[in-house]
4 protein chains.
Amino acid sequence: MRETEHEAEPGKRPLGVGMVGYAFMGAAHSQGWRTVGRVFDLPLQPVLSAVCGRDGAAVRAAADRLGWASAETDWRALVARDDIDLIDICTPGDSHAEIAIAALDAGKHVLCEKPLANTVEEAEAMVEAAERARARGQVAMVGFNYRRVPALALARQMVADGRLGTLRHVRLSYLQDWLVDPAFPLTWRLRKDRAGSGALGDLGAHIVDLAQYLVGEPVAGVSALTETFVRERPLLDGASSGLTAEGGTATGQVTVDDAAVFTGRFPSGALASFEATRFAAGRKNALRLELNGSDGSLAFDLERLNELSFHDHTEPATSSGFRRILVTEPGHPYLEAWWPPGHGLGYEHTFVHQARDLLHAIATDAQPEPSFAAGLSVQRVLAAVEESAEKNSVYTPVASTPVTV
Amino acid sequence: MRETEHEAEPGKRPLGVGMVGYAFMGAAHSQGWRTVGRVFDLPLQPVLSAVCGRDGAAVRAAADRLGWASAETDWRALVARDDIDLIDICTPGDSHAEIAIAALDAGKHVLCEKPLANTVEEAEAMVEAAERARARGQVAMVGFNYRRVPALALARQMVADGRLGTLRHVRLSYLQDWLVDPAFPLTWRLRKDRAGSGALGDLGAHIVDLAQYLVGEPVAGVSALTETFVRERPLLDGASSGLTAEGGTATGQVTVDDAAVFTGRFPSGALASFEATRFAAGRKNALRLELNGSDGSLAFDLERLNELSFHDHTEPATSSGFRRILVTEPGHPYLEAWWPPGHGLGYEHTFVHQARDLLHAIATDAQPEPSFAAGLSVQRVLAAVEESAEKNSVYTPVASTPVTV
Amino acid sequence: MRETEHEAEPGKRPLGVGMVGYAFMGAAHSQGWRTVGRVFDLPLQPVLSAVCGRDGAAVRAAADRLGWASAETDWRALVARDDIDLIDICTPGDSHAEIAIAALDAGKHVLCEKPLANTVEEAEAMVEAAERARARGQVAMVGFNYRRVPALALARQMVADGRLGTLRHVRLSYLQDWLVDPAFPLTWRLRKDRAGSGALGDLGAHIVDLAQYLVGEPVAGVSALTETFVRERPLLDGASSGLTAEGGTATGQVTVDDAAVFTGRFPSGALASFEATRFAAGRKNALRLELNGSDGSLAFDLERLNELSFHDHTEPATSSGFRRILVTEPGHPYLEAWWPPGHGLGYEHTFVHQARDLLHAIATDAQPEPSFAAGLSVQRVLAAVEESAEKNSVYTPVASTPVTV
Amino acid sequence: MRETEHEAEPGKRPLGVGMVGYAFMGAAHSQGWRTVGRVFDLPLQPVLSAVCGRDGAAVRAAADRLGWASAETDWRALVARDDIDLIDICTPGDSHAEIAIAALDAGKHVLCEKPLANTVEEAEAMVEAAERARARGQVAMVGFNYRRVPALALARQMVADGRLGTLRHVRLSYLQDWLVDPAFPLTWRLRKDRAGSGALGDLGAHIVDLAQYLVGEPVAGVSALTETFVRERPLLDGASSGLTAEGGTATGQVTVDDAAVFTGRFPSGALASFEATRFAAGRKNALRLELNGSDGSLAFDLERLNELSFHDHTEPATSSGFRRILVTEPGHPYLEAWWPPGHGLGYEHTFVHQARDLLHAIATDAQPEPSFAAGLSVQRVLAAVEESAEKNSVYTPVASTPVTV
């Protein structure tokens, strides 16, 4: 078979990667692993050792296509392999906890796609496993890839540098529209047993993580409404891939939310509003955020991911205004390795940056961010959202009991 | 003294207008009354008969400046004048009910600035007075001027025409930043006894009215957070005008909200989110709204008031997208009377359009919209917001008991 | 008849205005004259004394509608009236020179719509008349109203303050689309004998004036292409108004350009490009400009006239970018008199500002800008454009021989 | 050494690629070759056989970094290798002709970076070599990668489908700002002997090619101005990479243009304007274009490369406007293989698409576009621009004599 990307650069310590799952997220992660060493100077050389999936023929085809040296059909076999140092989990949320805990307990580093888990309990167990493993020198990271959009990494820097002063408003929405058509079938993402929740866990998890990352604080409490606009959909004929699929004539119940709208507070006093939906016709991937502080404001839209909008409120009123920073300068986060100014990056580059940062963390024995604890923190906010939605939207504090290890 | 605009065009029935208050809103209404007959064909000729304010010298100067034929220092005297057919109330909210009810009872038509009143009780009394007066052939209207932004009138048409299908999401925010500076003084707008509430009644009233206008339904219930970020401010030195003022060294309590964030539901199932704030640094007058339906979406920002953004979800995905309609075509609402395409209008034109529609209603003995009942409906939503905010954000249905007359 | 706006405010010297022409431009100028004293503190009180047009009934109706105290059917009679101090010329270009010179020679101040004239020779004669009149204390001004868009006045300030450093590129286009439809009829604007030229004189004149105003230098030379895309159009049935009209079945020759594209140089070294067209489908009034200098850049689009885009090239690359200045702050040009920040102005306000500046110039016996000499300077550029277009686009220096008086 | 990407997928015919040059363009091409088979279904498997450069250590490091199986220091040796089927030329323009002709004559397929050559004569010789090679079953392609931006491929489809009707205006500019600072050193791109020309050949070549591609016709003639704003710059200390470099204290002459502004005509009657500059402060990679036709218009900006703006002029005026098509739908060009809607692509993806289309052409023995003849056609326009600029901007027809073979 074709050998690709699976031998280390001379003089660099190799790091064997085994990936579970090879659909949308698996393809994106593969692109990250393949590319990272071609662009960034790395302390470790990732080797795409094996990809794992239940269907033997399909996973072998995926290995060939995506550049993995071998294929496995049982994730336990993958975890048991000596040539594999890191398990990259790209499966639906219902299997995250089991795989991640087993991998950590087997001595592997772990990268786990978001959301960390389908329940707080699972997430807590994962954090415990990660902390045990950390004591042994392993690391665990959750794949909130949007932290690695250069514009958002820059936004975090600007907040941390005090460019916004005291934050007053934190406003995030993640709007998609792929469920507007009631004929769209009942894929796994619409089943609570597989996905945990709907727009909330899929899209809401991203904006809750980003809010906490950018503000530098956990959400203190929330008040929420959720809704399922289309409650019955055609059952799926055969396999679905990514966000497109076709359905048959039989129908089944949608058991997750189509949309979640919630407000909240941060400990330091800022008000927050969140909206996650798959029913915003015309919005394809509109993760939009705005931060308003006493000294400045930021705005961002993932549909224009190379841009960050910044208003400096300390400037004279007659010459101030939101400026569009094209986040493609060599001095911007991650950009030292890419193209000249103005030659924009795309969605998949977040996975290259994620791989880069994880490899540096492993090489320096540092805890990569976002940690499983950060993933748990998001999970707790999602749980509070669901609780508030069930309790007539009453303001629901987010649990913050420290995890016992 | 200079005679201006106060004699009727030959062959047209004159309508004497008496305005109470001459600050920011009074100046805007004056511009509306002066201009409407120069641009639109009117069934009645408005005559700027008198303006009223407590300070005699100041009100006489305002009359000269703004084009009113005479000045009064007592609104009761104004209401008593035979040459005045319509009372235009541009005072702070605490005097709306008393003046409006007296004027209606005296047989005058009434235009009352928004919000209709400072409490639901006042608003209910006003609606009763308006209904009694309506039976006598008088009309009463509340000044939610943004309904007369051509782009928003067009938006209403498009929703009513079914271009959006079933509405799923209604998202409005009204963001300003004039309170970001903690040195901004304690003007009447920051005192509950004068203004009733803060961002909620001032900005929130606009977006609640627009939401109900555009959707064509009242809000069913809300869940809310409010906040006062800066609780003490310098007391005012002398007079303030409009939204700018200077303060002294003594300070006083801010007794209204700086910001209100709330979610809600419409009877037909759409989810709503609202945000009103004076603390969004860099946003000057950002009344922004988005509607997402099963067949299309709309977006608008008052900072670009000549534009309406429309996505037609029934078009092929490969050629669809949000289009920027420049709402300056002769076929657009109100535009038949103005300039050629692309020659944009401004904020003040909403008051010209408001005057036009009110005059047509009077001439045809029709109820103008928004009626006092519409104003009361907004007031009830604001009351529900305050109640929810006090009750830990619990979802609070909006009262809908019909007004008894 | 209705008396309006035609008596002076007490204590203020009145200035009688007589306007010739009452179509699109006449309506816009009327709005300016009526409104200016209601908004700005003026040293003189404009009185709308008389409007003039050849059709007696029509001009009387226009006087009533637009607020003029009387009507005249012969401009010579208007010029002869003692109660008129200023002649405001809003006719097509072929009559500008005759009326303006007669008015100046009769001792009146003159405001003349752009373009100043249909030929350089006429414009030269007008400048001579203006200079003679200036010696007698009269003033003459040409109506390049876009200089009074607040964003463009701010742009001029920023260039003059050195915020852009040395200018390298000056890029202006004025794009409209009302001739795209070949069925649009042959109005006066499409006849060389009336309009002088097509897009060039109508739209090109504006951008040439703005370029010279913003740069602070005359254009040194040009190289040009012009084109008439639709050479035959239906003859006009009856009257046309503004930019809309309907045609019959007979057709006639279009004798002006539909579009002009030209490049040029400024004496200080900047390269310029210009484009004027009525064939840019979807662009309604897109007067767009960009200036690039060694220290910064500006960008503007008249379709968003309340905004100026500014890039400060002296800032760190990682936080710089084009900022959108909402030109509605009290400190911005003309804005001290209008509404709070973010409450935008429209097209017609340029005429209010023009009236304000002209009245101040008259009151202080100062030369208002743009002078007839500035109008002549534009005319010479337009002539050079036409000459270059006839001579195979060869670079054609703009004549700069000083006018002899 | 590390083996990467240089063995074929089982069952697929391998195609050995040898690349000359490994700076900015070499890195971008490498990313294309490495990724194309991971994303697209290919008829041939590209194998990254060897990269070539004069500095042995540097080229070996580049091979390791960029994923090439071996390194060569003499392009003639590369061309002579049996395992190499395609030569990919990523060197400065002065060596394109020699390498390309030798490679074609040696029986290799050739991909040559733009501009095709530094002179028309060289380009003609290259076309002749390509035509000789074509007869033997080889193909030659020039690397105008922007044709493979999905939004621009879509634009071409829409023009070809008649969505724009008869074209009236074609307006392109390519604005960068990396030479604004006079301390930027004299890299090879500023030396006529290496680069042929400055902004004209580097940026102007792209927009001329795109104009001809989108319109579907060659430019008929041009009228041009060029300028070198900063004529002396620091000599380069050591190596430069990409568009960033540092200079020393000695200076040298800039022998190319900093900017070129030109107008033109298309045979079918459309007017064109072009601008290429490296002096537009704040514009990083602003390749912007607009097409206006009788039935619609398009607009595009490379700084927002996932978007195409389209105005459909056949729609009712009241609901039409420029729509922002997010070119990320599965039905859009190249998008079937990438991410879900709204998950944008970046600059480098154009090279993946270029590789894909070239491989399909080779596999089906079809002529890939843009051919060397297309590259020559651009070269002739550039030559006409230079001729016009030297001849006082006189309109200069573009030579169209067919190449003799």
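The model is predicted, so local features need pLDDT of at least 70 and side-chain atom pairs count only at pLDDT 80 or more, while totals for chains, interfaces and linings use all residues. Residues are numbered from 1 along each chain as its sequence is written, and chains are lettered from A and ligands numbered from 1 in the order in which they are written.

**Chains C and D**

- Chain D gives 32 residues to the contact and chain C gives 32 residues, where two residues are in contact if their C-beta atoms, placed from the backbone, lie within 7 Å.
- Strands E7 (167-175), E8 (221-227), E11 (259-265), E12 (271-277), E13 (286-293) and E14 (296-301) of chain D each supply at least two residues of the side that touches chain C. Helices (H or I, at least four residues) and strands (E, at least two) are DSSP runs, numbered from the N terminus.
- That side of chain D divides into twelve nonpolar, 16 polar and four charged residues. Here Ala, Val, Leu, Ile, Met, Phe, Trp, Tyr, Cys and Pro count as nonpolar, Asp, Glu, Lys and Arg as charged, and the others, Gly among them, as polar.
- The copies meet through the same surface, because 100% of the interface residues of chain D are also interface residues in chain C.

**Chains A and B**

- Chain B can be laid on chain A by a turn of 180 degrees and a shift of 0.0 Å along the axis, with an RMSD of 0.0 Å.
- B:Val394 comes closest to the rotation axis among the residues of chain B, with its C-alpha at 2.0 Å.
- The contact joins 31 residues of chain B to 33 residues of chain A.
- By class, the side of chain B that touches chain A has twelve nonpolar, 15 polar and four charged residues.

**Domains of chain A**

- Chain A is divided into domain 1 (13-146) and domain 2 (148-344 + 372-390), with bounds that come from an automatic or database domain assignment.
- Taken over C-alpha atoms, the centres of the two domains are 24 Å apart.
- Domain 1 brings 24 residues to their contact and domain 2 brings 27 residues.
- Helix H5 (120-135) is one of the elements on the domain 1 side, and H5(A) gives the most to that side, with six residues.
- The domain 1 side divides into 17 nonpolar, four polar and three charged residues.

**Nonpolar cores**

- The largest nonpolar core has 274 residues, and those with the most contacts inside it include C:Met126 and D:Met126. Such a core is a set of buried Ala, Val, Leu, Ile, Met, Phe, Trp, Tyr and Cys residues joined through C-beta atoms within 7 Å; buried means that 20 or more other C-beta atoms lie within 10 Å of a residue's own, with C-beta atoms placed from the backbone.
- Not counting residues up to four places away in sequence, C:Met126 touches C:Ala97, C:Ala100, C:Ile101, C:Leu116, C:Ala117 and C:Phe372.
- Another core lies apart from the largest one and has 272 residues, among them A:Tyr174, A:Leu289, A:Leu298 and A:Val385.

Conventions
Copies are superposed by least squares on the C-alpha atoms of residues with pLDDT of at least 70 in both. A residue is buried if 20 or more other C-beta atoms lie within 10 Å of its own, exposed if 12 or fewer, and partly exposed in between; C-beta atoms are placed from the backbone.
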